[in-house]
Amino acid sequence: MKKVLCAILAGTLAACLLTGCGGSGSGNSGSSGGGSTTAAAGGETSGGGQVINIGINTDITSLDPHNHNDTASAYATRHIYSNLVRLTDDNEFVGDLAESWDYIDDVTVEFTLKEGVKFHDGSSLTSEDVKFSLESQKESPKVGHLVSMVESVEVVDDTHFIIHLNTPSNALVSSLNHSGCAIFSKAHVEKLLADGKKIEDEPMGTGPYKFDKWTPGASFSLIKNPDYFNPERMAQNDQLIFKVIPEDSARTIALENGELDLLINVPSTDAQKIRDNANLALDEYVSTHVEYFCVNHAKAPFDDVRVRQAMNYAINKDDIVIASMNGEASTFDNYIGAAAIGYYDVVTKYEYSPEKAKELLAEAGVADGFTFTCYVAGNTRATTATVIQANLAEFGITMNIEQMEASTFYEKTGNGEHDACLAGWVANAEPDNTYRPLFVSADTGAGGNRSYYKNAEVDKLVDDASVNRDKAAVQKDYETILKILSDEAVWTPLYSPTGMMGRNAKLQGVKPSPIQMHDFYSIHY
């Protein structure tokens with residue numbers, strides 16, 4: 001393994017040397033809109049407005065909130081659109097577009113909209129827009145599960161509507177906070193569709209920013225909405241430019257030389273470099289992010305629980321944390337982040353044990369090994385895959401690695417083309433929003449369940465936890481779910497990264513979110 005790690009680190013160094021020469025050019029090619037920025041100007045444009053350049057490692061997949069469920073795309077859509085509900089820094093749900101809501105009974109919730117809210121085109125928000133948006137969302141294979149409990153939306157008048165549920169739900173309010181529950185302008189979307197266009201062609205909402213430009217693979221930008229309805233959350237900068245820089249060292253170089261003001265998800269290998277730079281600052285936070293090795297249960301030999309258990313024993317997580325995260329992470333055994341609601345420490349701890357792995361592989365009839373392909377997106381996961389590849393080779397197992405762009409990865413794994421893949425999940429404030437998309441039979445594929453795991457008992461427990469008003473019973477449901485997932489080795493949980501954001505030391509208003517729903521409206525110099 002020492003030889004393997006040395007080879008990985010040597011390869012990473014070679015990549016750094018190769019990309020370091022082009023780091024500046026890569027950063028500049030990602031610029032779009034709003035004029036040029038310089039480090040000396042502290043993010044100001046020649047016109048005096050503040051432009052904040054933010055570095056991310058993957059591009060967005062869609063500007064339609066109903067057509068994605070990934071963090072990078074949400075950076076854009078969560079700022080273009082608004083939701084009925086939002087989550088505060090204190091993990092409390094408060095009204096966003098909604099002024100208030102009242103439960104008439106367990107399956108009937110009456111909402112009142114804030115008055116005077118305008119879409120970016122100047123038209124007024126009404127209850128018809130909410131009805132249209134939620135009904136459209138229900139048809140989405142990617143985020144429809146969030147509102148599966150919604151039977152219908154009844155419009156009372158322009159600012160009052162009633163959501164009728166098909167079952168009591170503990171998850172409704174939390175789901176309405178999810179970026180997938182963004183509220184559209186009915187008139188705008190209907191016109192787009194009539195013209196043969198898609199929602200993502202001209203995204204338009206009520207959020208603190210308006211869509212400016214997207215150059216796929218390079219950057220996307222948002223500009224301040226001066227007519228935003230909430231003065232307390234008015235943008236304190238004039239433009240956000242998100243620059244897509246896949247290579248880790250190139251992103252850090254861009255932060256060091258002033259091409260970036262803020263770096264999301266700091267590469268673990270560069271964390272100490274940022275700590276040691278007096279011109280930069282590193283904001284560390286506890287994240288609900290979990291990385292995992294996912295096998296496709298619909299394909300042999302991963303349909304055999306003994307093979308999946310063997311994977312858990314065969315993979316050395318400590319080596320992965322060192323090679324992939326430079327030690328800036330903790331090995332993990334669970335299926336939901338430790339900082340998340342719905343986490344309970346009841347799972348089986350699969351310690352690294354080649355002996356147990358060999359026993360299980362022999363019992364499953366694959367003692368001589370087998371061959372499969374693992375899909376990955378991003379350099380960090382590619383490194384992780386290399387460690388896993390070396391681990392499994394000791395058992396005669398050949399794991400081919402196929403690296404691809406994020407959009408291709410989501411498409412292929414959503415279609416079930418993979419034997420295995422490396423993926424991650426960031427739990428939000430409602431456990432149902434983790435357990436339902438990742439483990440319920442109805443959401444296999446694009447819905448989030450990329451392991452293609454199907455278990456009627458888990459389906460029933462997830463449903464019960466979402467409607468049961470007895471908190472003790474709900475806790476028991478989630479504990480039982482975790483025990484089943486662990487016993488059946490649905491995944492191989494790998495590690496939980498330390499949340500890290502790097503920034504210009506003079507940049508103010510950065511508020512990291514444990515669930516990675518970062519708000520950027522407050523960032524300024």
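Y452 lies in the loop between α14 (432-439) and α15 (456-467). Helices (H or I, at least four residues) and strands (E, at least two) are DSSP runs, numbered from the N terminus. The model is predicted: local features need pLDDT of at least 70, side-chain atom pairs count only at pLDDT 80 or more, and totals for chains, interfaces and linings use all residues. Residues are numbered from 1 along each chain as its sequence is written, and side-chain values use heavy atoms, with hydrogens and water left out.

Backbone geometry comes next. Most residues other than glycine have a negative phi, and most peptide bonds are trans. Phi of Y452 is near 55°, a positive value in a residue other than glycine. The residue Y452 is buried, with a relative accessible area of 18%. Buried means under 20% relative accessible area, exposed over 50%, and partly exposed in between (1.4 Å probe, protein chains only). N265 also has a positive phi, near 55°, and is not a glycine. N265 sits in the loop between β11 and α8 (271-275). Its relative accessibility is 30%, so N265 counts as partly exposed. The peptide bond from A300 to P301 is cis, with omega near 5°. P301 belongs to the loop between β13 (289-295) and α9 (305-314).

The axes of α14 and α16 (residues 471-487) come within 12 Å and cross at roughly 35°. Axes are lines fitted to C-alpha atoms, for helices over the stretch in contact, and angles run from 0 to 180 degrees between N-to-C directions. The crossing of α14 past α16 is left-handed. A crossing is left-handed if the near helix is turned anticlockwise from the far one by less than a right angle, and right-handed if clockwise. On the α14 side, D432, Y435 and F439 meet Y478, I481, L482 and L485 of α16. Contact means heavy atoms within 4.5 Å. The residues of this contact divide into six nonpolar, no polar and one charged. Here Ala, Val, Leu, Ile, Met, Phe, Trp, Tyr, Cys and Pro count as nonpolar, Asp, Glu, Lys and Arg as charged, and the others, Gly among them, as polar.

α15 and α16 pack at an angle of about 155°, with their axes 9 Å apart. The two helices α15 and α16 are therefore roughly antiparallel to each other. Angles under 35 degrees count as roughly parallel, over 145 as roughly antiparallel, 65 to 115 as roughly perpendicular and the rest as oblique. α15 passes α16 in a left-handed crossing. E457, V458, L461, V462, D464 and A465 of α15 make the contact with V474, D477, Y478, T480, I481 and I484 of α16. By class, that contact has eight nonpolar, one polar and three charged residues.

Seven strands form an open sheet with mixed pairing, in the order β8-β9-β10-β1-β11-β19-β12. Two strands pair if DSSP finds at least two bridges between them. The edge strands, β8 (209-215) and β12 (280-285), each pair on one side only. From one strand to the next, the twist averages 20°. β8 pairs with β9 (residues 219-224) in the antiparallel sense over six bridges. F211 stands opposite L222 in β9.

Two helices lie across strands of the sheet. α3 (residues 71-80) lies across β1 (51-56), β8, β9, β10 (239-244) and β11 (262-264), and runs at about 20° to β9. α7 (residues 248-256) lies across β1, β11, β12 and β19 (499-504), and runs at about 160° to β11.
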